[in-house]
Amino acid sequence: MDVTATLSLGDPLEPARKATAEMLQTRERTYSLPQPFYTDERLFQIDMQEIFHKEWLIAGMTCEIPAKGNYITLQIGKNPIIVVRGAEGKVHAFHNVCRHRGSRLCVSEKGKVAKLVCPYHQWTYELDGRLLFAGTEMGADFDMNQYGLKPVNVKVAGGYIFISLAENPPAIDEFLATLDHYMEPYDMENTKVAVQTTLMEKANWKLVLENNRECYHCNGSHPELLQTLLEWDDTNDPRASQEFKDHVAASAAAWEAEKIPYLHKSHGLRNRIVRMPLLKGTVSMTMDGKQACQKLMGRIKNPDLGSMRILHLPHSWNHCMGDHMIVFTVWPISAQETMVTTKWLVHKDAVEGVDYNPENMRKVWDATNDQDRRLAEENQRGINSTAYQPGPYSKTYEFGVVNFIDWYSGRVLNNLGAEPAPYLKEVQAQ
């Protein structure tokens with residue numbers, strides 16, 4: 001019997017898989033998750049296998065690899081990945097693993113190459129993954145056609161690069177068509193990353209997402225953000241005032257005149273796009289509410305576009321304004337550690353120090369990200385206690401958290417091949 005197959009028998013996570021399914025099937029829907037979902041390393045491994053190895057993830061932006069040979073790398077759990085621009089502008093994604101003895105091919109976060117060359121023994125691959133050179137040492141009967149790089153599913157839409165490690169990833173094309181339409185005014189191929197930050201948070205990745213999915217905490221924690229942000233995502237929000245609804249109506253009329261998409265579009269619980277105005281008198285998420293970049297994006301003429309909010313579960317939220325946009329991605333590291341990346345994008349011709357000041361552009365979200373980090377870490381410390389038990393979500397202020405946990409629960413149960421939870425039967429967790 002094959003040794004690898006033998007070692008794979010008796011999955012050590014099988015008891016944890018059964019326990020995970022049972023906890024998700026029997027939990028109270030409007031309460032936070034049982035403690036192991038936030039603390040247990042075995043359950044973290046299940047999250048990685050059943051969510052981050054099977055769902056579509058945002059690997060980066062197409063503007064980060066503008067020309068043939070440009071690449072970016074990332075790490076998904078134990079899997080190093082490379083995304084590279086090939087011939088005729090095609091975007092490819094591969095496991096960043098040499099087919100010789102498994103070394104990583106590209107060790108930098110980004111770069112530009114003519115070919116993909118392994119630094120260990122110089123095996124050389126074309127940008128489309130084909131093995132081109134392995135040396136005469138491999139023998140005359142060595143078939144290079146059998147040793148191309150292992151591909152990763154990749155799709156591109158609206159300037160975003162999506163990848164999935166699954167053999168058969170879930171359907172996403174309908175959302176990508178919507179994303180293309182809503183991102184058209186921004187001309188994303190002609191943008192650039194002006195600033196990028198990485199923040200390590202000592203908290204489970206789901207706590208980071210839960211914190212993002214509500215603004216219940218905003219008044220007490222985010223003074224900088226509330227200089228411009230209006231927390232409601234929809235005029236149907238039960239907390240939305242008439243003044244807010246009137247503000248939305250007036251803003252929508254201006255956007256309509258400029259043919260800027262703004263209507264709320266949802267694709268199940270996984271994806272949502274909606275444009276909402278910022279606080280009256282402000283046009284960008286800066287400390288004074290004024291433009292962070294004087295050169296507007298794409299075909300946009302009016303800086304007062306509010307913020308187009310894009311949600312992509314399991315790990316990204318975005319704010320798109322007239323002058324710049326911000327892309328957040330969440331990457332689990334361990335059961336109680338998470339990496340959050342933030343990228344600020346501007347028109348590619350915008351000049352630093354002339355059109356924009358990076359420090360001014362990032363100030364609001366640097367403060368907000370750090371405030372959210374502290375909140376998530378304190379949340380984690382409390383959940384680690386023997387006193388923790390699931391607590392009730394607010395049906396008005398925390399409905400976004402309920403939606404996230406509904407999606408998460410549905411996808412984990414589905415990907416485990418388990419029976420759906422009774423409370424999820426009518427929830428479209430696709």
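This briefing describes aromatic rings and cysteines in the structure above. The model is a predicted one, and in it 14 aromatic pairs are found. It also holds 1 disulfide, which joins Cys215 to Cys218.

**Aromatic rings**

- Tyr160 and Phe162 form a tilted aromatic pair, with 6.2 Å from centre to centre and 35° between the planes.
- Tyr160 is buried, having a relative accessible area of 1%, and Phe162 is likewise buried, with a value of 1%.
- Phe162 also pairs with Phe175, and because their planes stand at 90°, with the ring centres 6.3 Å apart, this pair is edge-to-face.
- That pair links distant parts of the chain, since Phe162 belongs to strand E10 (residues 160–164) while Phe175 belongs to helix H5 (residues 173–183), 13 residues apart.
- One aromatic cluster is formed by Phe37, Phe52, Trp205, Phe404 and Tyr408.
- Arg275 lies over the face of Trp255, at 5.9 Å from the ring centre.

**The disulfide**

- Between Cys215 and Cys218 the distance from S to S is 1.9 Å, and the link is left-handed, with -100° about the S-S bond.
- Cys215 counts as buried at 13% relative accessibility, and Cys218 counts as buried at 3%.

Methods. Residues numbered from 1 in each chain as written. Predicted model: local features only at pLDDT ≥ 70, side-chain atom pairs only at ≥ 80, totals over all residues. Heavy atoms only, no water. Phe/Tyr/Trp six-rings, centres within 6.5 Å; stacked < 30°, edge-to-face > 60°. Buried < 20%, exposed > 50% of the residue type's maximum accessible area, 1.4 Å probe, protein only. Helix = DSSP H or I, 4+ residues; strand = E, 2+ residues; numbered from the N terminus. Lys NZ or Arg CZ within 6 Å of the ring centre and 35° of its normal. Disulfide = S-S within 2.5 Å.
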